[in-house]
Amino acid sequence: MTPLTGWGRYPRHASELITAASPADLPSLMASNSGFVARGNGRSYGDAAIGERITLCARGLNRIRAFDRASGRVRVEAGVLLSDLLDVVVPRGFFPPVVPGTKFVTIGGMIAADVHGKNHHRDGGFGDHVEAFTLALPDGRVVSCSRGENPELFTATIGGMGLTGTIIEAAFTLRPIETGWMRQTIHVASDLEEAMKALRDSSASTYSVAWVDCLARGKALGRSLIFAAEHATLHDLDALRPGTPTFPSAKLGRLLIPFDLPSLTLNRLSVSAFNELYFRAGAVKADYPHLVPWDPYFFPLDSIGNWNRIYGRCGFLQHQCVVPTDHAPAVLAEILDRISRRGTPSFLAVLKQLGPGHGDLSFPLEGFTLTLDLPVSDSAFALLDDLDRLVVEAGGRLYLAKDARQSPATFEAGYPGLARFKDVRQAIGAPGKISSHLSTRLGI
Amino acid sequence: MTTRTLLLIGGTSDIGRATALRYAQEGWRVMLAARNDEEAQRNGEDIAARTGAEVTVHRLDILETESFTSFLDKLPHQPDTAVCVVGELGDQVRAQSDPDHARLLLRTNFEGPALLLGILAERFLERRSGAIVGVSSVAGDRGRASNYLYGAAKAGFTAFLSGLRNRLAPEGIRVVTVKPGFVRTQMTAGMKLPPLLTAEPQEVGAAIYEAAERGRGDVIYVRRLWRPVMMAIRFIPEPLFKRLKL
């Protein structure tokens with residue numbers, strides 16, 4: 001038995017680890033075990049990738065099977081890391097259609113969580129771009145799924161948190177890019193209303209995201225920096241910084257946090273100081289386009305190796321909700337207000353606009369999503385329960401890939417596709433056979 | 001410049017995969033040989049996708065020594081460099097009482113690789129070019145109770161490579177002996193390994209490329225610390241050594 005956690009380091013459960021070194025191992029592993037779920041790189045935050053009894057490590061399925069350099073179509077095994085794929089495709093002028101906030105996720109995990117990126121308002125989630133995948137079912141059978149073949153299984157598996165089987169490999173098409181740079185424009189928003197307006201206004205941009213200073217109170221509640229960006233063209237490069245190499249060199253040294261910081265490192269004062277600095281640094285560059293390399297634009301936190309350790313040994317809770325557009329201004333203001341009044345701060349608050357999602361358990365719906373981090377504490381649980389009520393009443397939901405604690409009632413209220421998802425699970429004999437701590441906790 | 005060709009024997013191992021990938025990144029064409037050609041195909045496709053190199057996969061069982069000549073004849077290209085990473089750690093305790101298992105270890109780790117590289121050496125000699133890399137083991141440096149059948153076979157392989165190098169050096173053909181030490185692979189998954197003495201497969205691949213193609217060393221330990229460690233182990237006097245638990 002191995003103690004396992006997600007990226008938030010809460011909760012911790014002991015689980016037996018078994019490893020699939022090859023797709024050929026899966027049929028027998030699936031057929032002969034029960035109470036398991038597949039785990040990629042363990043970057044979901046809560047208990048989604050911890051098997052009820054057994055956790056099936058899929059990182060050995062890490063071969064890129066095909067990469068068509070003309071069309072940009074790739075076929076990869078599910079355990080391939082996004083970072084690995086980026087290293088291969090970016091220098092050749094391609095970029096994945098959707099990337100989440102970290103590149104240290106597996107492709108299988110990206111499908112299972114139907115991850116969204118800073119371009120969701122325009123391009124949808126990762127699942128919308130997956131053309132086909134093969135799936136090992138609970139009885140060990142291997143089936144192909146696409147919009148035309150086993151469509152119910154296809155839709156359920158996208159965002160299905162690994163609960164319909166183990167994804168073996170998937171095919172999708174990359175987008176061509178001319179350079180490895182982003183042409184970024186930062187806008188300053190002095191409060192939440194302005195921030196949401198700025199996000200709506202920048203919806204013509206391929207990528208947009210707002211960083212919210214959640215310690216700002218009163219009239220400044222929700223003051224934000226909005227980062228809008230496009231993949232820079234060769235023309236952009238010439239115009240903004242002539243002579244720049246087309247692809248920025250890969251960053252070498254990574255800063256690692258080698259030990260858990262004492263929990264009190266993050267107090268109101270330190271976060272407040274950090275936020276102030278960050279805000280000012282951003283504001284200096286505001287409103288004129290400039291170039292940033294793709295890596296820090298998409299994955300700013302990846303440069304700090306184990307940033308999850310800054311919250312100390314007890315771990316942290318990440319709360320990501322989405323609220324439909326109509327209710328978003330009022331509900332998100334209320335959430336930010338409650339957070340900003342708290343003594344213990346949220347290090348990270350991110351606001352994004354989302355379009356509709358398509359999987360049975362996909363997170364996105366048309367509206368705004370807000371992401372907060374809170375160190376684990378009794379008061380944090382109580383506060384988040386209150387926030388959940390606000391979200392659910394407004395017709396919103398919580399992101400399963402981040403969740404470690406929502407109640408079954410909150411979950412059921414947020415996910416009307418659950419009944420359909422359960423039908424699909426029933427049809428393939430998944431109940432009792434494929435189960436994670438998340439699925440047991442939420443009664444999936 | 002014409003494309004050079006690598007023959008990688010043991011194409012499903014982690015070290016084999018990493019080595020072939022390194023060569024492909026340097027612009028080489030790769031021929032992967034393995035008993036399980038389906039698994040080798042996975043690695044072949046992966047290397048081709050990552051590098052754009054031409055990769056072919058060929059079935060070879062290192063125990064079927066009589067097939068070696070026809071195997072080499074049927075290859076689409078004559079290799080410029082041949083790297084043999086074949087190895088089977090096996091089960092020492094089982095090998096002590098099961099002669100079949102002992103024979104499997106001796107043949108897989110010594111007989112097969114030596115015979116195959118021997119045939120290749122004659123061909124390289126005929127055309128007066130080529131490089132040969134054999135992945136042996138620190139276990140062959142001195143026999144120890146915990147793995148002496150594997151160690152004995154690797155010691156034989158080390159001696160074979162040493163002799164071959166001695167004979168072929170004047171003809172301009174490189175022979176490299178690699179002793180990787182601990183490597184983080186499927187074979188060692190779950191073992192507790194000392195970090196300073198444990199290499200990643202990529203490090204082994206890079207060390208092989210550097211030694212064979214850039215002339216960096218004839219007998220290489222991938223992690224440098226292994227050299228003094230094995231030196232010390234070799235110099236322990238036998239009356240003392242035989243009492244140690246190693």
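**Ground rules**

I note that this is a predicted model, where local features need pLDDT of at least 70, side-chain atom pairs count only at pLDDT 80 or more, and totals for chains, interfaces and linings use all residues. Residues are numbered from 1 along each chain as its sequence is written, chains are lettered from A and ligands numbered from 1 in the order in which they are written, and side-chain values use heavy atoms, with hydrogens and water left out.

**Chain A as a whole**

I looked up the overall dimensions next. The C-alpha trace of chain A spans about 60 × 50 × 45 Å along its principal axes.

I then checked burial: 60% of the 444 residues in chain A are buried. Here buried means under 20% relative accessible area, exposed means over 50%, and partly exposed is in between (1.4 Å probe, protein chains only).

Contacts came next, meaning heavy atoms within 4.5 Å. Among the contacts in chain A with a separation of 6 or more, 74% are between residues 24 or more positions apart.

The accessible surface of chain A is about 16,900 Å², and carbon and sulfur atoms hold 55% of that. These areas come from the Shrake-Rupley method with a 1.4 Å probe; for residues, only the protein chains shown count as cover.

For charges, I found 45 positive and 44 negative side chains in chain A, with the centres of the two sets 5 Å apart. Lys and Arg count as positive and Asp and Glu as negative, while His and the chain ends are not counted. Each charge is placed at NZ of Lys, CZ of Arg, CG of Asp or CD of Glu.

**Aromatic rings**

How many aromatic pairs are there over all chains? I found 19. Rings of Phe, Tyr and Trp (its six-membered ring) pair if their centres lie within 6.5 Å; planes under 30 degrees apart count as stacked, over 60 as edge-to-face and the rest as tilted.

One of the pairs is A:Phe95 with A:Trp294, edge-to-face, at 6.1 Å centre to centre and 70° between the planes. A:Phe95 sits in strand 7 (residues 94-95) of chain A and A:Trp294 in helix 9 (residues 294-298) of chain A, so this pair ties together parts 199 residues apart in sequence. Both A:Phe95 and A:Trp294 are buried.

I also noted A:Tyr207 with A:Phe298, an edge-to-face pair with 4.8 Å centre to centre and 85° between the planes. A:Tyr207 is in strand 13 (residues 207-212) of chain A and A:Phe298 is in helix 9 of chain A, 91 residues apart, and the pair links these distant parts of the chain. A:Tyr207 and A:Phe298 are both buried.

Ring pairs join these residues into a cluster of A:Phe95, A:Tyr207, A:Trp294, A:Tyr297, A:Phe298 and A:Phe299.

**Backbone details**

Most residues other than glycine have a negative phi, and most peptide bonds are trans. With that in mind, I looked for departures.

- A:Tyr10 and A:Pro11 are joined by a cis peptide bond, with omega about -5°; A:Pro11 lies in the loop between strand 1 (2-4) and strand 2 (13-19) of chain A.
- A:Met161 has a positive phi, near 55°, and is placed in the loop between helix 5 (151-157) and strand 10 (166-173) of chain A. A:Met161 counts as buried because its relative accessibility is 8%.
- B:Arg128 has a positive phi too, near 60°, in the loop between helix 5 (99-127) and strand 5 (131-135) of chain B. B:Arg128 is exposed, with a relative accessible area of 54%.

**Chain B**

I found nine helices and nine strands in chain B. Its C-alpha trace spans about 55 × 40 × 35 Å along the principal axes, and 52% of its 246 residues count as buried.

Where is B:Leu246 found? I traced B:Leu246 to the segment after helix 9 (238-241) of chain B. B:Leu246 is partly exposed, at 36% relative accessible area.

Methods: Helices (H or I, at least four residues) and strands (E, at least two) are DSSP runs, numbered from the N terminus.
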